[in-house]
Amino acid sequence: MTGPTPRPNVAAIPAYVPGKPPTVRPGMTSYKLSSNENPYPPLPGVVEAAHRAVEVMNRYPDMGNSALYDALAARLGVPVTDLAAATGSVALIYQLLHAFCEPGDEVVHAWRSFEAYPIAITSAAATSVAVPVTADGRHDIDAMVDAITPRTRCVMVCTPNNPTGPSVTQAELDGLLARVPSDVLVVVDEAYVEFVRMDDAVDGLATYRDHPNVVLFRTFSKAYGLAGFRVGYAVAHEPVAAALRAVSLPFGVSGVAQAAAIASLDAEAALLERVDALVAERDRVQAGLAEAGWDVPSSQGNFVWFPLGERTPDFAVAADELGIVVRPFGAEGARVSIGEVEANDRLLELARAFPH
């Protein structure tokens, strides 16, 4: 007798590998630079708002995310009907693919890019079409367009690209959209948008307004420092946003998370100060790496990428010995988050000592 069996695609889902916690070393402060977390504590007013929400934890959260949608709509200048919230932007990836992909439909995305893409695509019984990034870690827009077929339902654009760092330009995105069929969704995944400082940066909101097939994904996990509460949101024209809401998990975003997100939006001045400080640290680290002789992609996120190939595991071990944990990606490279100044100094110390 055989037992129940899952769909064949379930067995093919790749495992998500989270960033490791730091190794505890006596007499040394260890730092976690493996998950692109914000090193700052919660923004002013956030803990107080969360505590107030905790006091009514015996009640279900607002399933409609009403106050959060109102705050986002006012901040972004979009209709409430064009918003969909979920437990982090990663949940929105799953929801979008389950809402729009039939088994065997294709999803085009850069690679290496966000690790959750092939996991979510396979979960939806769709087919992952991975287009290699360029030597400097950028999306190969022409190759992505060439990869589109009649079975393509979605194109994922991760900008800044996690884990390599570069962003696409508005001109590149416009060129992509001009050649993508209008019935193909184009996801502009902007999890790190607050850290972008470059000429011709993507204006996601303007792009969504001009293109009914564009979906923006954003999150409170990175710049806003709410990684532990899991709040992400999509901005899309109403038919797409409504589909995302229709397949969402009921009561998915907790009441505490909603309250913390709203309070974080209210603390914009403090947010911008912290983001500017992290960007300054990112630029300092990249300048230090260049001075040490490293040629790494120009990052627009809160992390840097070391294209180390087969030396990746050795780099991760050497980092751990210095009290910093990085995120290795097989035999491709290592991503290192921008963290506390001391942690970043140790990264530069490692970079000066590690053969390259």
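A: First a definition: the domain bounds come from an automatic or database domain assignment. The model itself is predicted.

Q: OK, which residues go into domain 1 and which into domain 2?
A: Domain 1 takes 18-42 + 268-353, while domain 2 covers 44-265.

Q: How far apart are the C-alpha centres of the two?
A: The centres of domain 1 and domain 2 are separated by 25 Å.

Q: And how many residues are in contact across the two domains?
A: On the domain 1 side 25 residues are in contact, and on the domain 2 side 27.

Q: What area is buried between them?
A: About 2,200 Å² is buried between domain 1 and domain 2, with 58% of that coming from carbon and sulfur atoms. Within the area that domain 1 buries against domain 2, P42, L271 and Q300 supply 26%, more than any other three residues.

Q: How many salt bridges between the domains?
A: Four salt bridges are counted between domain 1 and domain 2.

Q: Which residue does R75 form a salt bridge with?
A: R75 pairs with E268, and their closest N and O atoms are 4.0 Å apart.

Q: Changing topic: which residues form the nonpolar patch on the surface?
A: That patch consists of Y60, M63 and F251, which together have about 380 Å² of accessible area.

Q: Where does F251 lie?
A: F251 is in the loop that links α9 (238-246) and α10 (255-266).

Q: Why is F251 called partly exposed?
A: Because its relative accessible area is 35%, and partly exposed covers values between the 20% limit for buried and the 50% limit for exposed.

Note on methods. Residues numbered from 1 in each chain as written. Predicted model: local features only at pLDDT ≥ 70, side-chain atom pairs only at ≥ 80, totals over all residues. Heavy atoms only, no water. Patch = residues over 30% accessible without salt bridge, like charges linked within 9 Å, V, L, I, M, F, W, Y side chains within 5 Å. Areas by Shrake-Rupley, 256 points an atom, 1.4 Å probe, with all protein chains shown as cover. Salt bridge = Lys/Arg side-chain N within 4 Å of Asp/Glu carboxyl O. Helix = DSSP H or I, 4+ residues; strand = E, 2+ residues; numbered from the N terminus. Buried < 20%, exposed > 50% of the residue type's maximum accessible area, 1.4 Å probe, protein only. Contact = heavy atoms within 4.5 Å. Buried area = accessible area lost by both parts, 1.4 Å probe.
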